[in-house]
Amino acid sequence: MLKCNLSQLDNLFAAVAEAMPLYLPTQGKNGANYTKWQAGAVWSNTCNTQKGPKDLFFPQSEDLMAFKTQGKTIEIIDTRNEAEDFAVFGVRACDVKSLEILDRVFLSEPKDSYYASRREHGIIISLACNRPTENCFCGSFGIDASSPNGDVTCWLTEDALYLRGNTEKGEKFMALAAPFVTECDDTAAEAQKEKIQKIMARLPLADLKTDAFGGGKTEEFFNSPQWAKLSESCLGCGTCTFVCPTCQCYDIRDYKTNDGVVRYRCWDSCMYSEFTRMAHGNNRNSQKERFRQRFMHKLVYFPENNDGVFSCVGCGRCLAKCPISMNIVKVMKALEGEQNG
Amino acid sequence: MQTVNTQTLIERASALLQDGTVSAVLGWKRGEFDYDMTPAVFTTAEELAAGFVYNDFCGANLSKYLLKKTREIQGKILVFLKPCDTYSFNQLLTEHRIHRENAYVIGVPCSGMADIHSIRKITGEGIARVELTEGGLLVHTLYDDAPVAVSYEDAMADRCKTCKSKKHVAYDELLGEEGDVLDSHRFDEVAKLEAMTPDERFAFWQGELSRCIRCNACRDVCPACTCEKCVFDNPDSGVENKAPGGDFEEKMFHIIRAFHVAGRCTDCGECSRVCPQDIPLHLLNRKFISDINKTYGEYQAGETADQRPPLVNFTQNDPEPSDVVKGGHDHA
Amino acid sequence: MAELNETLIPVVGVITDVRIDTPDIKTFRVVTPEGKKPFDHRPGQCAMLSIPGVGEAMFSITSSPTNTEFMEFSIKKCGCVTQWLHAAEAGQMVTVRGPYGKPFPVDDVFAGHDLLFIAGGVGLAPLRSVINYCRHHRDRYGKIDIVYGSRSKEDLLDYQEIVNEWQNDENVHVHLTIDREQADWDGHVGFVPNYVKELGFDTNKVAVLCGPPIMIKFTLEGLCALGFDKTQIYTTLELRMKCGVGKCGRCNVGAKYVCKDGPVFRCDELDELPGEY
C-alpha cells in the first residue's frame with residue numbers, strides 16, 4: 001500500500017499527464033465528467049460522473065474506416081491508429097464493473113479491435129466511494145463500492161490518497177506516482193473501507209434484490225402485464241441508454257466527405273423507433289416492446305448469455321437522468337412485486 | 001409549496017371516475033423518492049389512492065400525452081394541467097392534434113415547480129428525503145444529521161423563475177383561484193444573448209451544444225414536436241442521425257428544431273427540463289419568440305385555441321424580418 | 001494495430017455478372033479484384049454487402065459452398081441498398097464481409113436423410129445454397145423434394161436452373177406452384193401451404209422452410225398436421241442487422257441473436273423464444 005498526501009496529488013497528476021493522457025472527473029456546467037487533465041484542472045470527487053468512462057473506450061461516435069470511390073471502383077482505407085497508453089483516474093466500482101461487462105461483448109470473438117485496443121492501453125485507477133448517492137444500488141449486483149477492481153485501487157481519506165496496484169498495467173501508473181508516495185500499511189484504507197460499507201448498508205436502495213431475475217426467465221417476464229404500465233409514459237428518447245455505462249448498442253453509418261466516404265459507428269438506442277426497422281417491417285413497433293427489450297436484455301437475456309452476469313451495475317444514472325423518472329429500479333420492483341403477488 | 005394538495009385532486013378525480021364523467025385520469029405517480037414522479041394513467045380510485053401525487057416535483061407537462069391518449073381512449077380522460085401546460089394544450093388544439101371532446105381538463109394552480117438538480121447544487125449529492133413545509137423544503141441528506149433548509153425560490157426550476165403566466169387558458173374546471181398573466185422578464189435572458197458579439201454568441205452556443213448527446217429527449221418531450229414521423233427519424237430523409245458525423249450536426253439539429261417550432265412554441269421549458277446535459281435549449285426558442293414579437297407584434301402561442309400564428313398568417317404589411325431583427329456579422 | 005483482424009472492415013468485391021431473375025430480383029455474382037471467391041462459407045450463411053455512402057446490409061449467400069470460383073447473392077429490390085444494387089452493372093465494385101451466422105446442419109443432421117425443401121418467393125435464395133450443396137454431395141442424402149411457389153411464373157427465382165438442372169437430377173423432385181392461373185403455365189396453381197398438404201409427404205425426413213412469415217406459419221402448421229415434429233423442421237429468420245457478430249444489439253429475439261445464433265433455427269427452438277420476430 002502506498003500513500004499520497006493530498007497536497008501532493010496535483011503533482012502526481014501532472015507527472016502522470018506528462019507521460020500519458022490522464023482522464024479524470026472535473027466539474028463542468030452540468031456536473032462532473034471525465035476530462036483530459038491539464039495544468040490547473042481540479043479533480044472532482046463527486047459521486048458519480050454524469051456519464052461513465054464508457055466514452056473513453058467506446059466513444060459515442062468513431063470513424064471505423066474510409067473509402068475512396070471513383071467510377072465503379074472502391075478502395076478501402078484502414079484508418080485505425082495504434083492507441084497510446086492512457087490513464088483514467090477516479091473510476092468508481094460500478095463503472096469498473098461496467099467495463100468488465102462491455103468486455104464480454106466487445107472482447108468475445110470476433111474481438112472488436114477498436115475497443116480492444118483502447119482497453120489494452122487504458123489504465124484504470126479506481127476509487128472507493130466515500131459519498132454514494134441515494135440512487136446508488138451497486139451492491140444489488142454484487143459490487144463492493146468500498147473496494148473497486150481496476151489496475152490500481154485507491155481510497156481517499158481526509159488527508160491522503162491510498163493506492164494499491166493490482167495489475168502489471170497498474171504498476172506503470174504506480175511507477176509514475178513513485179516520487180509522490182510513501183510506503184504505508186493498510187490500516188487507514190481498511191478503516192475507510194469499513195466506513196463506506198456502513199454507509200452502503202443504509203442506502204435507500206440497499207435492499208433491492210436481483211434474485212427474481214437472470215437467464216431462463218424470458219417466459220416468466222416477457223408477457224407480464226406490467227410492461228404496458230411501466231412503459232406508458234416513456235418518451236422513447238435515448239437518455240437512459242446513452243448515460244448507461246453498460247449499454248453498448250451501436251449503429252454503423254456512412255458520411256460523404258470531399259474526397260470519399262467515411263464509415264463511422266455511433267451509439268444507438270433500443271428505445272428508438274427505427275432501431276429494428278427493416279425495409280419490409282419492424283419487429284418492435286410499439287414503445288412497450290422497445291422498453292421491454294431494454295430491461296429484458298439487462299435482467300434476463302444478458303445473464304443468460306453471460307454466466308448469470310447482469311447488464312446493470314446499479315450506478316443510478318438512469319434514475320438521475322430519465323426525463324419521466326422511470327428506471328430499472330422501478331421496473332425490477334414492479335416485476336418482482338407481481339411475481340410475489 | 002403548492003396551494004392545492006394531492007388529496008384534493010384525488011378526491012375530485014375519484015368522483016369523476018365514479019360518476020362516469022371520465023374513464024381514466026392522467027396525472028403524476030409517486031416514485032422511489034420524494035421527487036421522482038412519473039406521468040401515469042390511473043383508472044380506479046384505489047390506484048389513485050395508492051400512487052397519485054401532486055406537489056412541487058410534478059413539473060412534467062402532461063399535455064403532449066393527450067396526443068395519443070385522446071385518440072385511443074374510450075370515453076374521456078381527465079388531465080391535470082398547470083397554467084403553463086394549458087398553453088401547450090391550446091396550441092395542440094390549434095393544430096388539431098388532440099381530440100378535445102375526449103379530454104376533461106382540470107386546471108391546477110402552480111406556485112412554481114422545484115427542480116431536484118437546483119436542490120442538489122445547494123445540498124450536494126445524497127438526498128435521502130425532502131420535506132415540503134410551509135416555510136420551505138427540508139432536505140435530509142444521507143450524511144448530515146441536520147436537514148438542510150432550502151427556500152422554494154432557491155429550489156425552483158429556472159423556467160419557473162421566469163414564469164410567464166399563472167393563468168389557465170383552457171380548462172373544463174378549475175381548482176383554486178384564477179391566476180394572472182405575469183410580467184416575467186423572461187426576455188432578459190434573450191437580451192443577454194443579443195448583447196453578445198457574434199463571436200461570443202457563437203462560442204456560447206458552441207459550448208452549450210457541444211455537450212449534446214443526441215438523446216432526442218428535448219424533441220420527444222416537446223408539445224410542439226408532434227410530427228407522426230420526425231425527419232430526423234426517417235431513414236429516407238437523408239438526414240436521419242443519432243450521433244454526429246461532425247460537431248456541426250448537433251447544432252443543425254437544434255437550430256432546425258427551433259425553426260420548426262417557431263411561432264408554435266409556448267415556452268413551456270420542457271426541453272431544458274429534460275436535457276440530461278443541462279443545455280438551456282429553451283433560449284433558442286425564446287429568441288425566436290422575441291424576434292416574432294418584434295417583427296409581427298406581441299404574440300403568445302397557445303393563448304387561445306383559435307389564433308393564427310404570425311408565421312402562417314401572411315399580410316402585405318408584414319415587414320421584412322431582416323429589417324427588424326439584425327443578426328450575425330455585419331457584412332456591410 | 002493493422003495486424004489486428006477487424007470483422008467490421010470488409011474486402012472489396014467486384015460484381016462480374018448481374019442476372020435478372022424476376023421483375024424484382026436480380027442475382028449478383030461477386031469475386032475479389034483478383035478474381036477469387038471472397039471467402040469460404042457454409043450453406044445458409046450470410047454476408048454483409050455494402051456500397052460506401054449508400055449503406056450496408058445482410059444477404060444470404062445463394063451460391064453453394066461447393067462453388068469455389070465466386071459467390072452469388074439473389075437480391076430483391078426493397079430498400080435503399082437493394083435499389084442501388086439493382087441499378088448496378090457488371091464491373092461495379094462493392095464491399096463484402098462475412099461469413100456470418102450458423103449454417104444448416106448439412107453434414108450431421110441432414111446426412112443420410114430424405115430432405116424436403118419448401119420455399120416461397122425470394123425465400124428460395126437462402127435455400128439455393130443448401131440445395132446445391134446437397135445435390136453436389138448427392139450420395140450423402142436420400143430423396144430430395146423441393147416445393148417452390150411464387151406469385152407468378154415470372155416471379156419464380158432461378159427458374160432456368162430449376163428446369164434445366166434440378167429437375168433432371170435423379171431422385172430430386174421439384175414441385176412448382178404459382179398463386180394464380182396464367183396462360184403459359186400448365187403446372188400447379190395455389191399457395192405453398194396448401195400444395196404441401198396436397199402432396200402429403202411421409203414424415204421420415206428433414207424439412208427446411210423459407211419464405212414470407214405468413215407462408216412459414218401456415219406451412220409449419222401443415223407439416224405438423226402431416227405428423228412432422230418441429231425438431232425435424234428448420235427455417236431461417238431475418239431481422240435488422242448492423243454488425244453481423246452479435247454486438248450491435250438489434251437482431252435479438254429473446255436471448256438469441258439472429259446474426260450469430262441464427263439465421264438457421266430449428267422450429268422447436270423458435271418456440272422457446274418470445275414471439276418478437
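**Packing and contacts in a predicted model**

Helix 8 (residues 188-195) and helix 13 (residues 282-296) of chain B pack with their axes 9 Å apart, at an angle of about 90°. Axes are lines fitted to C-alpha atoms, for helices over the stretch in contact, and angles run from 0 to 180 degrees between N-to-C directions. Helices (H or I, at least four residues) and strands (E, at least two) are DSSP runs, numbered from the N terminus.

This is a predicted model: local features need pLDDT of at least 70, side-chain atom pairs count only at pLDDT 80 or more, and totals for chains, interfaces and linings use all residues. Residues are numbered from 1 along each chain as its sequence is written, while chains are lettered from A and ligands numbered from 1 in the order in which they are written.

Q: Is helix 8 of chain B roughly parallel or roughly perpendicular to helix 13 of chain B?
A: Angles under 35 degrees count as roughly parallel, over 145 as roughly antiparallel, 65 to 115 as roughly perpendicular and the rest as oblique. The angle here is about 90°. Helix 8 of chain B is therefore, relative to helix 13 of chain B, roughly perpendicular.

Q: Which residues of helix 8 of chain B make the contact?
A: Two residues are in contact if their C-beta atoms, placed from the backbone, lie within 7 Å. Helix 13 of chain B contributes L283(B), R286(B), K287(B) and S290(B). From helix 8 of chain B come E189(B), V190(B) and L193(B).

Q: Which strand gives the largest share of the side of chain A that touches chain C?
A: In this contact, 43 residues of chain A meet 33 residues of chain C. The largest share of the chain A side, 5 residues, comes from strand 11 (residues 250-257) of chain A.
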